[in-house]
Amino acid sequence: MCGIGGFVDFDRDARRGGPVLSAMDRRLRPRGPDASGTYTDPDAALVHRRLIVIDPEGGAQPMLSPDGNTVLVYNGELYNTDEVRNSLTALGHVFRSRSDTEVVLHAFLEWDTDAFARLDGIFAFALWQKAERRLVLVRDRLGVKPLFCCPTRSGLVFGSTIDTVLCHPEAEPVLDEDGLRTVLLLGPARPPESGVFRGISSLLPGSFAVLTPEGFRRTAYWRLEAHEHEDDLDATVQRTHDLITDAAQRQLVSDVPLACFLSGGLDSSILSAVAARAYAARNETLHTWSVDYRENQRYFVKNSFQPTDDRDFAALMTDFLGTHHHRVVLDPEAVCAALRSAAEARGLPGMADVDSSLLLFCAAVKQGGTTVCLSGECADELFGGYPWYHREEILFEDTFPWSRSVSLRLGLLRGGVVKNGAEFIREHYLSTCRRAPRLPSDSPKDARMREMFVLNLDWFMATLLDRKDRMSMYSGLEVRVPFCDHRIVEYAYNMPWTFKALDGREKGIVRRAFADELPEAIVSRRKSPYPKTFHPVYARLCAEGARRILADRNSFVAALFDREAVERLILDPDSLPEPWFGQLMRVPQICAYIIQLEHWAQRFRVRLA
């Protein structure tokens, strides 16, 4: 996995953009600590930072076509490399390396933009055709890998991260009304096409964009479609099992050490079981990793969103699989201190300690000698793992289910800070629901489940994928998410809810599919999200930090938040009726978000339009 950036300028000599490329290289270095490279010509300048995972010698970038006309900078992993390479070899293409980068380049040379639908993987890349003066930007179907861009006076700037784009002098850290409403009312989520800052956008998942002197055009090469589900229950169980197993097996390819995150939850246990069997077949032991917090057993508070602690379940799976397990224990002080680094890594204020703890966890995994990990994200969105799929009073509520209280958010802000906030949120919600493909035969509940699927896919899952990519790549750790395979997504979208919620359980179909391969305690364990710290020291440090910021009249945040409203929450945390966002963000996390927001504004020199 890597980092990419660059710009095209049709009026001015791009070869004079060395300082911009150098700044981009510095921004991208954490994502690609192993190697770097640049390309320039009169129209284009490209930079690449490489994290070496496959073919250390043969995958250097930027990579040029045999005739030198087409240049590729690529961030990703291709899981059907052999199949695509074989097809191209039969058509006469000659390969000099084992790298998936070279396969992507030759696929484009053969099929142009039709190549993208043939690729199975997680990726974001840019192709520059010198003679045609044509730039092509591409992103994987589910948006696992990020790609941002911004128009300039006579071209375009792009990058793997928002701060990479900001290295160009024509991309500015300015928040207009939409950006401010996004950060304050939707954050840590953001609209799928939004880069938050004015002029900066995110290339949509499953799409590509083409820039020429004549203009800039975006095109979808993949989208969800509604179909009748033709498999009976037994066939659906088997197909679910086979799709998940195949996705996990495909993603074990690596020339560097690979491990699995293992919380003892259903999803990570399935991936670890598949990987452990593959390792055992070649007489190797799989390494697994879990995260915990100092004294968390003492302070853990059971609730409907987080019913069980991970420790005993992770130990059960470790013994069952015989893995070499590593347990990282984080201090609440360190988790609080890392809030600022996490905001820098994401390029935006994020999911508070859920971000900062993952940042520290991934750093420990990388320092422990692992370069690639498998992680269980996305299963909950696809197979109905969250409480809001199962509680009908939430399911049919006409708003984002993970952030229902618009009035709470508005109540924490100074009067007049945002305009038409409720309308802004509602229009994004409704436009997402309208994107959900339906069948005429869908019942009202079936139709609602399709809407919920797309809401979760485009917003909640996207937020978690942002988090996982930025927090892991900040330490040069590549994390793969097998459940985010587009074949699984397509199959799950059209699966009847009665199958998904088999036996009245969240992810019931997945439990049934792997019941014979996991301990019964794991199969029956209730959904429990990524763990957070319950330590009172963390809550105190976050409250103190938020109070200091709000007391400073010169701070960015003090002009936005109602200090007294925040103080009331700190003094009476039980007055918060539900999480502020997702399942875990309560009062300490609101304070942490304030800390992140202030640091982000100062670090990126954010200005209000």
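Modeller: A disulfide is a pair of cysteine sulfur atoms within 2.5 Å. A search of the whole structure finds zero disulfides. The model is predicted, so local features need pLDDT of at least 70 and side-chain atom pairs count only at pLDDT 80 or more, while totals for chains, interfaces and linings use all residues. Residues are numbered from 1 along each chain as its sequence is written, and side-chain values use heavy atoms, leaving out hydrogens and water.

Biologist: Why is the sulfur of Cys484 too far from that of Cys378 for a bond?

Modeller: The closest cysteine sulfur to that of Cys484 belongs to Cys378 and is 3.4 Å away.

Biologist: What makes Cys149 count as buried?

Modeller: Buried means under 20% relative accessible area, exposed over 50%, and partly exposed in between, with a 1.4 Å probe and protein chains only. Cys149 has 1% relative accessibility, so Cys149 is buried. Cys484, at 7%, also counts as buried.

Biologist: Why is the pair of Phe453 and Tyr493 called edge-to-face?

Modeller: Rings of Phe, Tyr and Trp (its six-membered ring) pair if their centres lie within 6.5 Å; planes under 30 degrees apart count as stacked, over 60 as edge-to-face and the rest as tilted. The ring centres of Phe453 and Tyr493 are 5.0 Å apart and their planes stand at 75 degrees, so the pair is edge-to-face. Both Phe453 and Tyr493 are buried.

Biologist: How many aromatic pairs does the structure hold?

Modeller: There are 20 aromatic pairs in the structure.
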